[in-house]
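Hi there,

Here is the structure I promised to pass on to you. Have a look at it first, and then read my notes below with the picture open beside them.

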Amino acid sequence: MSTDTVPAAPDTTSASGAASVSGTAPVLDAASGPGTASGPGAAPGTAPVLDAASGSGTAPGPGSGIVSGPGTAPGPGTTPDPGPAPAPTSQGPRRPRMAGRAPARPAPGAAVHSVSAATAALLGLVGLGALLHEPVLIPPLAASAALVHCAPALPLAQPRSVVVGHLLGAGAGYVVAAAASGSAWAAALAAGVTLALTTLARTPHSPACATAVVVVLQAPAAGRFVPLLLGSTVLLVLTACAASRVRRAAPKYPAYWW
C-alpha cells in the first residue's frame, strides 16, 4: 500500500528570531542596540523608531533618547535650541557732541550769591587801596577771590593755601629778582619755583604763581607790598567765610583752616 508524502512547509523564520519579509532587510533600533528588528512582525506595542544612519523623519518614541533631525518636532524630554543671543541694544542716550564733561550749570540763586560776594570783596580791596594810596588790587588776588567764592570746597581755596601760597610766591619773586634781572625769563623761573614751593608746603594755590611774576616784573617795595598782600589775603578769606553763612543753602567755607 503506497502512502503519499506531504512536503513540509518552508521555514519562514530567520535565525535571529525576527520575521523576515522578502526583499526587505531588518532595520536596527538605535535605542535597543543591534539584533532587534523593527519591521513588520516585531513585538506588539513597540513604536517604530528613527534610523540613526538614514536620518529619516520618523518621530522617536517616548524615552528613546534619540535627538530628532532637522525639520522634526522635538520629542518629550528634549530641550529646544534657543538660537543665537540677540544683539545688545543702544547703551543709553548719547551726549551732544559739544556738551563735553563740563559741570552742570549752577542754580540761579547760588550763581548770583557767589558772583556778588566775589565782586564785593574785590571792590573792598579797591577801596582799601584808595585809602592807602597803594595799588592793593592785583590780578592774582582777583583769581583768588574767584576761587574762594565760586569753588569753596577745593584745596586751592582754603585759607592755608590762599594766605601761605601768596606769601611763598612773593618770597620766590624777590629771591629770583635779586639773583637775575627783572626779565620775562626770570618771571617764568619765579613762577616755577613758586609752584614747587607750594606743592612741597601742601598749600596749592595757582594765583600764587602770578604773584611771583608780578614781583619780578614790577619790583614793588617789599616793605609795603608784603604787608598789603598779607592783609588782602586775610580779607578775602574772612569775606568768603561770612558770605557762606549769609545764604543757608551755600556750602560752608572753609572746609579746613590749616
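**Where helix 3 meets helix 6**

Let me begin with a helix pair: Pro 159, Val 162, Val 163, His 166, Leu 167, Ala 170 and Tyr 174 of helix 3 are in contact with Ala 222, Phe 225, Val 226, Leu 229, Leu 230, Thr 233, Val 234 and Val 237 of helix 6. Sorted by class, this contact holds 13 nonpolar residues, two polar ones and no charged ones. Please keep in mind that the model is predicted.

How do the two helices lie relative to each other? The axes of helix 3 (residues 159-179) and helix 6 come within 9 Å and cross at roughly 165°. An angle over 145 degrees counts as roughly antiparallel, so helix 3 and helix 6 are roughly antiparallel to each other. Their crossing is right-handed.

**The chain as a whole**

Stepping back, the chain has six helices and two strands. Reading from the N terminus, the order is β-β-α-α-α-α-α-α. Of the 258 residues in the chain, 27% are buried. If you take the contacts between residues at least 6 apart in sequence, 63% of them join residues at least 24 apart.

On the helix 3 side you will find Gly 165, His 166, Gly 169, Ala 170, Gly 173, Tyr 174 and Ala 177, and on the helix 5 side Pro 207, Ala 208, Thr 211, Ala 212, Val 215 and Val 216. The contact of helix 3 with helix 5 divides into eight nonpolar, five polar and no charged residues.

Helix 6 has a further partner in helix 1: the axes of helix 1 and helix 6 come within 10 Å and cross at roughly 150°. The crossing of helix 1 and helix 6 is right-handed. Helix 1 brings His 113, Ala 117, Ala 121, Leu 125 and Leu 132 to this contact, while helix 6 brings Leu 228, Ser 232, Leu 235, Leu 236, Thr 239, Ala 243 and Val 246. By class, the contact of helix 1 with helix 6 has nine nonpolar, three polar and no charged residues.

**The nonpolar cores**

In soluble globular proteins, nonpolar side chains tend to be buried together. Which residues form the largest nonpolar core here? There are 12 of them: Ala 121, Leu 125, Val 136, Ile 138, Leu 141, Ala 145, Ala 170, Val 215, Phe 225, Leu 228, Leu 229 and Leu 236. Helix 1 (108-132), helix 2 (139-150) and helix 6 each give at least two residues to this core. Helix 6 provides the largest share, with four residues. There is also a second, separate core of nine residues, among them Ala 157, Val 162, Val 237 and Ala 240.

Beyond the residues up to four places away in sequence, Leu 141 touches Leu 122, Leu 125, Val 136, His 166, Leu 229, Ser 232, Thr 233 and Leu 236.

**Buried or exposed?**

Is His 149 buried or exposed? His 149 counts as buried because its relative accessibility is 8%, and the cut-off for buried is under 20%. Leaving aside neighbours within four places in sequence, His 149 is in contact with Ser 114, Ala 117, Ala 118, Ala 121, Thr 239, Ala 240 and Ala 243.

Ala 143 also sits in helix 2, but with a relative accessible area of 34% Ala 143 is partly exposed. Leu 238, in helix 6, is partly exposed at 48% relative accessibility.

**A few backbone details**

His 133 lies in the loop between helix 1 and helix 2 and has a positive phi of about 55° although it is not a glycine. At 70% relative accessibility, His 133 is exposed. Ala 219, in the loop between helix 5 and helix 6, is not a glycine either, yet has a positive phi of about 50°. Ala 219 is exposed too, at 57% relative accessibility.

The peptide bond from Tyr 253 to Pro 254 is cis, with omega near 0°. Between Pro 254 and Leu 238 there are 9.6 Å in space, C-alpha to C-alpha, and the two are 16 residues apart in sequence.

Enjoy exploring!

Technical notes
Residues are numbered from 1 along each chain as its sequence is written. This is a predicted model: local features need pLDDT of at least 70, side-chain atom pairs count only at pLDDT 80 or more; totals for chains, interfaces and linings use all residues. Side-chain values use heavy atoms; hydrogens and water are left out. Buried means under 20% relative accessible area, exposed over 50%, partly exposed in between (1.4 Å probe, protein chains only). A nonpolar core is a set of buried Ala, Val, Leu, Ile, Met, Phe, Trp, Tyr and Cys residues joined through side-chain atoms within 4.5 Å. Contact means heavy atoms within 4.5 Å. Axes are lines fitted to C-alpha atoms, for helices over the stretch in contact, and angles run from 0 to 180 degrees between N-to-C directions. Angles under 35 degrees count as roughly parallel, over 145 as roughly antiparallel, 65 to 115 as roughly perpendicular and the rest as oblique. A crossing is left-handed if the near helix is turned anticlockwise from the far one by less than a right angle, and right-handed if clockwise. Ala, Val, Leu, Ile, Met, Phe, Trp, Tyr, Cys and Pro count as nonpolar, Asp, Glu, Lys and Arg as charged, and the others, Gly among them, as polar.
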